[in-house]
Amino acid sequence: MALVSEFLGQLSLNVGVSSINSKYPTVVPAIDFDPDKDAARIETAIKTKGVDEATIINVLTKRTYSQRREIAFAYERRAKKDLVTALKGALSGSLETVILGLMKSTTQYDASEIKGSIKGLGTDEEVLIEIVCSRSSSELAEIKTVYKELFKKDLEKDVAGDTSGDFAKLLLALVQALYDAGVKRKGTDVATWISIMSERSVPHLQKVFDRYKSYSPYDMQESIRKEVKGDLEKSFLTLVECFENKPLYFASRLAEAMKGKSAKEKVVTRIMVSRCEVDLMKIRTEFKSQTGKSLFQTISEHTKGDYQKAMLSLCGGDD
């Protein structure tokens, strides 16, 4: 750890350098969009005996969040009831999870997933690591605000209450979106790492990792594996992977979730729903080059029924 710490400690980071996130969505605004027409179709689909899931999937997975909101307003005017409540009553299982996820904004969805991961007995560290370590500082700042609005609690307090040790320190540093100019802090090696990682200046950190290779016989990921363990190791690795290539990180998560005979639906759902209006098109490209199979084909092989239809629709096509 000393070499890594010493190297990182010598760097003064270019705070304020931000990466421009271009959007590569698979779900784009529907052309000739008519919220009243869509609301009528959904109302009929819900009222149909046995529920017409195919229509609900067709409409809601092919509209952006802002369009879905307009549909929800139109539905309420028509049916005199809340669309989310109606969908909850009409759907069940994995499909219900997907559709209700789509009725939230990306930030609301992230906040809800974090809340779900720290609710009740035990913490789902995997979810916490995936979301907190893969979102930018500005995205985390928005998540914090929305979290407070939705749950009337501070995200930091909930995270601190459910995690411990250096893992907790790292998550809190990220959630608080620290911007200390230059790393001149003294303390443990881990503290240095945390302050470095939570700077979140992606272009600069990419250069840091490249330069690190000339200082050490190992790359940054190998060094982390040798020197840190447990949830902290997973967090650092996620950060490095996301700094180096975020779509590849999500592609790897999807590949891992669909390795067995049936998919780990929670992971697949979370990535597909949270990234479909962000960078799922790029994730598809990385998935194909990493696995040799298209994401569309892999989803087809590892899922079934209405859940499969919804996932394939969000995927937006074959590569």
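F151 is partly exposed in this predicted model. Its relative accessibility is 25%. Y147, by contrast, is buried, with a relative accessible area of 0%. Both residues belong to helix α9, which spans residues 137-151. Four residues separate them in that helix, so about one helical turn lies between Y147 and F151. An α-helix has 3.6 residues a turn, so residues three or four places apart point the same way.

Aromatic pairs come to two by the distance rule applied here. In the pair formed by Y147 and F151, the ring centres are 5.0 Å apart. The ring planes meet at 65°, and the pair is therefore edge-to-face, because an angle over 60 degrees counts as such. The ring of F151 also has a charge over it: the charged end of K115 sits 5.5 Å from the ring centre.

Helix α5 covers residues 83-90. Its buried residues are L83, A86, L87 and A90. Viewed down the axis of α5, these residues fall within an arc of 100°, so they line one face of the helix. T85 and G89 are exposed on the other side of α5.

Leaving aside residues up to four places away in sequence, T298 touches M258, F287 and K293.

Conventions: Residues are numbered from 1 along each chain as its sequence is written. This is a predicted model: local features need pLDDT of at least 70, side-chain atom pairs count only at pLDDT 80 or more; totals for chains, interfaces and linings use all residues. Side-chain values use heavy atoms; hydrogens and water are left out. Rings of Phe, Tyr and Trp (its six-membered ring) pair if their centres lie within 6.5 Å; planes under 30 degrees apart count as stacked, over 60 as edge-to-face and the rest as tilted. Helices (H or I, at least four residues) and strands (E, at least two) are DSSP runs, numbered from the N terminus. Buried means under 20% relative accessible area, exposed over 50%, partly exposed in between (1.4 Å probe, protein chains only). A charge sits over a ring if NZ of Lys or CZ of Arg is within 6 Å of the ring centre and within 35 degrees of the ring normal. Contact means heavy atoms within 4.5 Å. The arc is that of the directions from the helix axis to the C-beta atoms.
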